[in-house]
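The exercises below are meant to be worked with the sequence and the model side by side. Try each task before reading its solution.

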Amino acid sequence: KPDRYYFGIIVLTRNLMICLVPILTNKNPSMQVLIMALVLIFFMLLQVWFRPWRPDPSQVTFLDANTIDAGLVSGCILLLLCGILTTDFESTKASVGTFGHVILGSIAAVIGSTIVVT
């Protein structure tokens, strides 16, 4: 949308954050996954809220570009979480439970905001 011209800066910021996560947390793989998932979820929420790729109002459907992109990012987060299960890192049961609650709560927030905005 022409009135969402500033969203390009948000996309560039997201890309910078994705690049900085492995550099800043290179010693702790579990922290990398947590921060990467939170970065992806935060910027996915921004995109669902601002809906910068909205089509013409006469063509609005449930499967517009914003919803498809949010679904793809959710899939990437799930792959990221499945990948963390194969790494060798020491963690406590409480930290894994907290990590799971944060991710599930964030995905529920994204789904809820998608429903509210549409």
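**Exercise 1. Which residues is threonine 25 in contact with, leaving aside its neighbours within four places in sequence, and is threonine 25 buried or exposed?**

Solution. The model is a predicted one, and the contacts are read from its heavy atoms.

Step 1. Once the neighbours within four places in sequence are left aside, threonine 25 is in contact with Met31, Gln32 and Ile35.

Step 2. Threonine 25 itself is placed in the loop between α1 and α2, and its side chain reaches the backbone oxygen of valine 21 at 2.7 Å.

Step 3. The relative accessibility of threonine 25 is 13%, and since buried means under 20%, threonine 25 counts as buried.

**Exercise 2. Describe how helix α1 is arranged against helix α2, and name the residues that make the contact.**

Solution. 

Step 1. Two packed helices are described by the angle between their axes and by the distance between those axes.

Step 2. For α1 (residues 7–24) and α2 (residues 29–50), the axes come within 9 Å and cross at roughly 170°. Because angles over 145 degrees count as roughly antiparallel, α1 is roughly antiparallel to α2.

Step 3. On the α1 side the contact is made by Phe7, Ile10, Thr13, Arg14, Met17, Ile18, Val21 and Pro22, while α2 contributes Gln32, Ile35, Met36, Val39, Leu40, Phe43, Leu46, Gln47 and Phe50. Sorted by class, this contact has 13 nonpolar, three polar and one charged residues.

**Exercise 3. Where do leucine 45 and arginine 51 lie, and how accessible is each?**

Solution. 

Step 1. Leucine 45 is found in helix α2, and its relative accessibility of 27% means that it counts as partly exposed. Its C-alpha is 9.2 Å from that of isoleucine 107, a residue 62 places away in sequence.

Step 2. Arginine 51 lies in the loop between α2 and α3, and at 4% relative accessibility arginine 51 counts as buried. The phi angle of arginine 51 is near 50°, a positive value in a residue other than glycine.

**Exercise 4. How many helices and strands does the protein chain have, and what percentage of its residues count as buried?**

Solution. 

Step 1. The protein chain has four helices and zero strands, so that its pattern, read along the sequence, is α-α-α-α.

Step 2. Of its 118 residues, 28% count as buried. The protein chain exposes about 7,700 Å², of which carbon and sulfur atoms supply 72%.

Step 3. Among contacts with a separation of 6 or more, 66% are between residues 24 or more positions apart.

Technical notes. Residues are numbered from 1 along each chain as its sequence is written. This is a predicted model: local features need pLDDT of at least 70, side-chain atom pairs count only at pLDDT 80 or more; totals for chains, interfaces and linings use all residues. Side-chain values use heavy atoms; hydrogens and water are left out. Axes are lines fitted to C-alpha atoms, for helices over the stretch in contact, and angles run from 0 to 180 degrees between N-to-C directions. Helices (H or I, at least four residues) and strands (E, at least two) are DSSP runs, numbered from the N terminus. Angles under 35 degrees count as roughly parallel, over 145 as roughly antiparallel, 65 to 115 as roughly perpendicular and the rest as oblique. Contact means heavy atoms within 4.5 Å. Ala, Val, Leu, Ile, Met, Phe, Trp, Tyr, Cys and Pro count as nonpolar, Asp, Glu, Lys and Arg as charged, and the others, Gly among them, as polar. Buried means under 20% relative accessible area, exposed over 50%, partly exposed in between (1.4 Å probe, protein chains only). A polar contact is a pair of N or O atoms within 3.5 Å; within protein, one must be able to donate a hydrogen and the other to accept it, and residues adjacent in sequence count only if both atoms are side-chain atoms. Accessible areas come from the Shrake-Rupley method with a 1.4 Å probe; for residues, only the protein chains shown count as cover.
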